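Colleague: I'm new to this one. Can you walk me through it?

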Amino acid sequence: MLTTKRKVAGSAKNNDSAKNKLHQLESSREESSNLLTTNQGLQITDNHNSLKAGPRGPTLMEDFILREKLAHFAHERIPERAVYARGSGAHGFFKPYKSMAPYTTAGFLQDPGVETPVFVRFSTTTGQAGSADTVRDARGFAVKFYTQEGNYDLVGCSMPVFFVQDAIKFPDLMHALKPEPNCGMPQASTGHDTFWDFASLMPESTHMLMWTMSDRAIPRSFRMMEGFGVHAFKFINAGGDAHFVKFHWKPKLGVHALAWDEAQKIAGKDPDFHRRDLWEAIESGHFPEWELGVQIIDAGKEGELGFDILDPTKLIPESQVPVQLIGRLTLNRNPDNFFAETEQIAFNPGHLVPGIDFSNDPLLQGRLFAYSETQRSRLGGANFHEIPINRSVCPMHNFQRDGTHRQTILKGRVAYEPNTLGNGSEFRIDGAAQGFKESPEVTDSSKSRGRSPSFDDHFSQATLFWNSQSNAEKDHIVAAFRFELSRVEQVNIRQRVVDNLAHVDMKLASRVAAPLGIGTPDPKAAAGRLGFRDHRIANKLDEEPSLRMASKPGTHVKTRRVAVLVADGVEPASVKRLMLDLASAGAVCKTVSHQLGSVSTAGGRQMPVDHTFCTMPSVMFDAVIVPGGAPHIEALRGMGSAMHFVMEAYKHCKPICAINEGVELFAALGFALGKNLEVVATPAAGMVIADSRKVIDGQVSQDFIAAVALHRHWERLDVEGIAA
Ligand code: HDE
């Protein structure tokens, strides 16, 4: 025994000196880390020329440096996500406001002093990884909490409901929604026959269709978008009591949308619009924030909601169960490497921590299986949890071993449990400890493929959503349905959709149907179709204010982008105070002209130009200022792109401010004019007309900042007639 010990001690010494040598080698390698090497560490002497038989001869196969480089390049891509492929991510942290101990033992929800690191990935559902950000779509809002009890993933969405009720319909939905398989079109759009064919035969999708046709589907920014856990989950407290819970993310910047025409134009002008917006906000220190909200349903009270809490096509109206705000999420660091982090992050609704459990929502149940399957195929096997972005921050031990790309070097001979050879204490199971325990639930019924009749109400919450919208939001929903259905070639599919919509609201259905070249909506025809179920449980509410975006107006202008149009002869004094006040309120003012460089001011100085009309058109801004200066206005009036800029901003209901002679530009465009073509005192909503005196005394700053904070002035009436 003694001999063995000595031997072990000796070999430990040897091991130490070997480790020291390795360490020295690694340090010397770090010192020369600015030198280009192969993957094996071999220093490369020429990275511009392959090895050839003579300077003009054929390339030699023995050039292992060239072959390694090309081979690695050829394997650079991994399969993109089948859905939610286009994503943007950021690091940050989460901090609870108070202990949630009465409801859950989840460690990261106990102590307001504890920050939990997170990585968040936002995504569009439909398009491929290279598609545009601003397409009409539900957006993924997936949060990985790196807690001390393991990784917890809240893999949510920008909408609180989903298209289908059962996981078995998900592949059909996605196949219908993705580009049609014969022609591969259209990219990132539901405006095509297969989607509406499916949707019109699945009336359970109606509530989600209302959301996707609303302005929620075209957010101004990820930073101005709500998030939802969609399904009911369970909180479990130390006493083992379970409460159903629904999760919400509420953005601190308010909830704001683009105009649909604008969203489509941005998709061409800057497909990275949302990604850039998130990146730039974080780089400039304007860290996006959301509050985590929960709707907790008192034990046993779920039966009183009026619908089935397990049905993912239903939301719980906030007036029925208020949202409690329990913590804050802050995103404060951009990824260092898009691929390593945003692309390789692997979410899974089945990544839980003690104190949180699933419900029996049949859509959620299917997700628990699907995600790890996807990760194994996308990320090359079973060891994707070892990729740095997916690693837990708490210790991770088990006896799972080997497999492709294994990183961990398990030591010793023991790879099983229970054991005595590893001293019997390694990685043991401690039943009494605070590990994960499923919430006990009695399941004592016979197997069945059916669906509970409590899932059969497909329309009442769609009606509630419609009734709750402002007039402008209703107009936008009608326009979106018309747009999508106008792209549907089969007349009978268009008809089926409006027949279903007649069960939401007859007026909505008739307005949608009007320009589609089809018959009037027929609720009876819909009701006769296969799959139609409408055991309507009357809404407890006629309206739910939290469902309209108009009830969440902005209160400030932080990070809003304001264009200041400039040409030779501009009077900087007419706008200086306004620009300073906007900047100190957190807005970003940029000068825009027909060319880069600078313009000559009325006083003979140079004013730098940040952007051109061509590269940064009005859709890249939230608001516009036209400063004073007669020659400058004259010049702008002669530039088609400047006139278009203002006209388009007007059409998209953006706040616009004209100072001094700037108003002549408005007049030339026909805005702010009375019957006799005089400039009127109360121009359209969101239009501020002023002279420099009012700018200097700060009145204009006050009015314009208030107009910008409201974001868009959707009540502007005549925008359809604007030729932009
Ligand atoms: Fe997903 N979903 N999903 N999902 N999902 C994926 O997992 C799936 C569902 C959601 O940024 C995939 O890693 C099935 C609802 C988001 O990486 C895949 C079902 C909601 C993300 C998958 C659903 C979501 C995904 C694709 C029905 C709204 C992106 C790549 C049973 C709450 C996460 C991947 C990220 C990703 C399957 C339903 C949200 C294929 C089978 C409902 C935000 O595994």
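**A look around the model**

Modeller: Glutamine 344 sits in the loop between helix H8 (338–343) and strand S10 (356–358). Keep in mind that this is a predicted model.

Colleague: Is glutamine 344 buried or exposed?

Modeller: Glutamine 344 is buried, because its relative accessible area is 16% and the cut-off for buried is under 20%.

Colleague: What is glutamine 344 in contact with, leaving aside neighbours within four places in sequence?

Modeller: Phe339, Leu379, Ile387, Ile389 and Asn390.

Colleague: New topic. Where is tryptophan 279?

Modeller: Tryptophan 279 is in helix H7, residues 273–283. At 41% relative accessibility, tryptophan 279 counts as partly exposed. Leaving aside neighbours within four places in sequence, tryptophan 279 is in contact with Asn334 and Pro335.

Colleague: Let's move to the helices. How do H10 and H11 pack?

Modeller: Helix H10 covers residues 460–468 and helix H11 covers residues 471–486. They pack at an angle of about 125°, with their axes 8 Å apart. H10 is therefore oblique to H11.

Colleague: Which residues meet there, H10 to H11?

Modeller: From H10, Phe465, Trp466 and Asn467. From H11, Lys474, Ile477 and Val478. The residues of this contact divide into 4 nonpolar, 1 polar and 1 charged.

Colleague: Why is H10 described as largely enclosed by the rest of the structure?

Modeller: Because 8 of the 9 residues of H10 are buried. Those buried residues are Ser460, Gln461, Ala462, Thr463, Leu464, Phe465, Trp466 and Ser468.

Colleague: What do the buried residues of H10 pack against?

Modeller: H5, H11 and H13.

Colleague: OK, cores. How many residues does the largest nonpolar core have?

Modeller: The largest nonpolar core has 54 residues. Trp196, Met210 and Phe481 have the most contacts inside it.

Colleague: Which elements give two or more residues to this core?

Modeller: Helix H3 (170–177), helix H4 (193–201), helix H5 (206–212), H10, H11, helix H12 (491–501) and helix H13 (506–513). H11 gives the most to this core, with 5 residues.

Colleague: Back to methionine 210. What does methionine 210 touch?

Modeller: Not counting residues up to four places away in sequence, methionine 210 touches Ala462, Phe465, Trp466, Ile477, Phe481, Leu501, Val504 and Leu508.

Colleague: What does the second core look like?

Modeller: The second core is separate and has 37 residues. Among them are Leu565, Ile633, Ala642 and Tyr650.

Colleague: Last topic, cysteines. How many disulfides are there?

Modeller: The count comes to 0 disulfides, with a cut-off of 2.5 Å between the sulfur atoms.

Colleague: Is cysteine 589 buried or exposed?

Modeller: Cysteine 589 counts as buried, at 17% relative accessibility. Cysteine 157 is buried too, with a relative accessible area of 5%.

Terms used. Residues numbered from 1 in each chain as written. Predicted model: local features only at pLDDT ≥ 70, side-chain atom pairs only at ≥ 80, totals over all residues. Heavy atoms only, no water. Axes fitted to C-alpha atoms, helices over the stretch in contact; angles between N-to-C directions. Helix = DSSP H or I, 4+ residues; strand = E, 2+ residues; numbered from the N terminus. Parallel < 35°, antiparallel > 145°, perpendicular 65-115°, else oblique. Contact = heavy atoms within 4.5 Å. Nonpolar A, V, L, I, M, F, W, Y, C, P; charged D, E, K, R; others polar. Core = buried A, V, L, I, M, F, W, Y, C linked by side-chain atoms within 4.5 Å. Buried < 20%, exposed > 50% of the residue type's maximum accessible area, 1.4 Å probe, protein only.
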